[in-house]
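I opened my notebook to look up a few things in this structure. Let me walk you through my entries.

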Amino acid sequence: MIQLIDVNKTFLNSPVPAVRGVSMEVKDGEICAMVGPSGCGKTTILRMINRLEEPSSGTIMVGGRDIQQEDPDRLRRGIGYVIQQIGLLPHRTIGENVSLVPRLLRWSEQKIKSRVINLLEMVGLDPGQVYEKFPHQLSGGQMQRVGVARALAADPPILLMDEPFGAVDPIVRNRLQEEFLNLQQQVKKTVCFVTHDINEAIKMGDRIAVLNEGRLVQYNSPLEVLSHPVNDFVVNILGEDRGVKLLNLTRAEALMSEAVLLQESQMDRAVQVLQESGKTVGFIKPNGNESIKYFTLENIKKGMPVKEILEKGTCFIDGFQPVKTALETMMKRNSDVVGILKEDRFVGIITWQDIKKHISTIREHENEC
Ligand SMILES: Nc1ncnc2c1ncn2[C@@H]1O[C@H](COP(=O)(O)OP(=O)(O)O)[C@@H](O)[C@H]1O
Ligand SMILES: [Mg+2]
């Protein structure tokens, strides 16, 4: 856990405080997305957490210990740091760049090598391709991945990320964001993620910290910030399409009806199998390249035998994608259902009705304001 308690920072050569009375905590395993206009103090807060800057007053605790009492080098080894400029050493190979901290920690050569290979794979790079290359031989997106791998090298519990994907084009940025979220599911780091892009904050943050002129204006879940912004500053940062952003916020899998796999031999008692499993959708294993066939309890209740109502799931999205993508897919394919995949396996469906229900809930939420 990271705790900031009434932290202030005024730089010696500046009359205006950069950070003013910020108190907040980032829970273990959560991503805190810090967002706000340029100059609002985001970078300064990150740099105080790994003691590249010292607060003028206030206390910062990491893992329950006041960092002022810690040796800065030791502290930093427990904190991965990813910055937009990446900061790879240009004359060292990717392998050497990623292994910097493990080397400092005097791990054995064998352990270092297997860790680096494992890390490169984790961030979506082919170790055979990039291990011996130099930074300038990589694309911007690949370099950012190396930056993340390096920060994770010694498996620190904490990651500080300062606009880590800011320098790449929107398509690559999207991919990096999704890859990082996937990775976070496995590594469950405590992350401070700085961005000036509200969409990125909404996508990445378990909680969002909105900052303005060094002050913490609001610190809540994305849903709470979007549905109950505390003042006009937050409303402005969110922009006009708050409703659409909310659709962007919920992952498709949250609205999904989970499906249960049926063997051919179970078809005659499909209803019973569904009810026993507590699911409302059943599917059978496709032959070869056939698309997945499924049926819903609702359809069976209309009186048709299972064999006749087997519908083909024509389009699929990953459950990690936002509900907005499910909606777009339905519109594009002129279908009122999409299949949901998890790790490339069919796990359920989401229907137009599910999305409609979700939109009504959002409306109710907004009307409460
Ligand atoms: N080393 C420094 N010396 C003086 N002023 C600084 C220094 N670093 C940052 N500042 C000032 O502190 C404020 C916050 O900066 P920063 O934390 O970099 O903002 P952000 O990352 O949100 O863009 C700005 O007004 C900036 O000019
Ligand atoms: Mg900054």
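Before anything else I noted a rule: two strands pair if DSSP finds at least two bridges between them. I also wrote down that this is a predicted model.

**Entry on the sheet.** I checked β4, residues 57–62, against β5 and found them paired in the antiparallel sense over 2 bridges. I looked for one partner by name: Val-62 has Arg-65 in β5 as its bridge partner. Then I traced the whole open sheet, where 4 strands run in the order β2-β1-β4-β5 with antiparallel pairing. β2 (19–26) and β5 (65–66) stand at the edges with a single partner strand each, so one side of each has no neighbour in the sheet. I reminded myself that strands of a sheet pair through backbone hydrogen bonds.

What packs on the sheet? I found helix α1, residues 42–49, touching β1 (2–9), β2 and β4. The direction of α1 makes about 120 degrees with that of β1.

**Entry on two helices.** Next I looked at α7 (residues 140–152) and α8 (residues 170–187), which pack at an angle of about 20 degrees with axes 10 Å apart. Angles under 35 degrees count as roughly parallel, and α7 and α8 are therefore roughly parallel to each other. I noted their crossing as right-handed. On the α7 side I listed Gly-140, Gly-141, Gln-144, Val-148 and Leu-152; on the α8 side, Val-172, Leu-176, Phe-180 and Val-187. By class, this contact has 6 nonpolar residues, 3 polar and no charged.

**Entry on the ligand.** Around ligand 1 I found residues including Phe-11, Asn-13, Lys-42 and Thr-43. I sorted the shell into 3 nonpolar, 8 polar and 1 charged residues.

Conventions. Residues are numbered from 1 along each chain as its sequence is written. Chains are lettered from A and ligands numbered from 1 in the order in which they are written. This is a predicted model: local features need pLDDT of at least 70, side-chain atom pairs count only at pLDDT 80 or more; totals for chains, interfaces and linings use all residues. A residue is near a molecule or strand if its C-beta atom, placed from the backbone, lies within 6 Å of it. Ala, Val, Leu, Ile, Met, Phe, Trp, Tyr, Cys and Pro count as nonpolar, Asp, Glu, Lys and Arg as charged, and the others, Gly among them, as polar. Two residues are in contact if their C-beta atoms, placed from the backbone, lie within 7 Å. Axes are lines fitted to C-alpha atoms, for helices over the stretch in contact, and angles run from 0 to 180 degrees between N-to-C directions. Angles under 35 degrees count as roughly parallel, over 145 as roughly antiparallel, 65 to 115 as roughly perpendicular and the rest as oblique. A crossing is left-handed if the near helix is turned anticlockwise from the far one by less than a right angle, and right-handed if clockwise.
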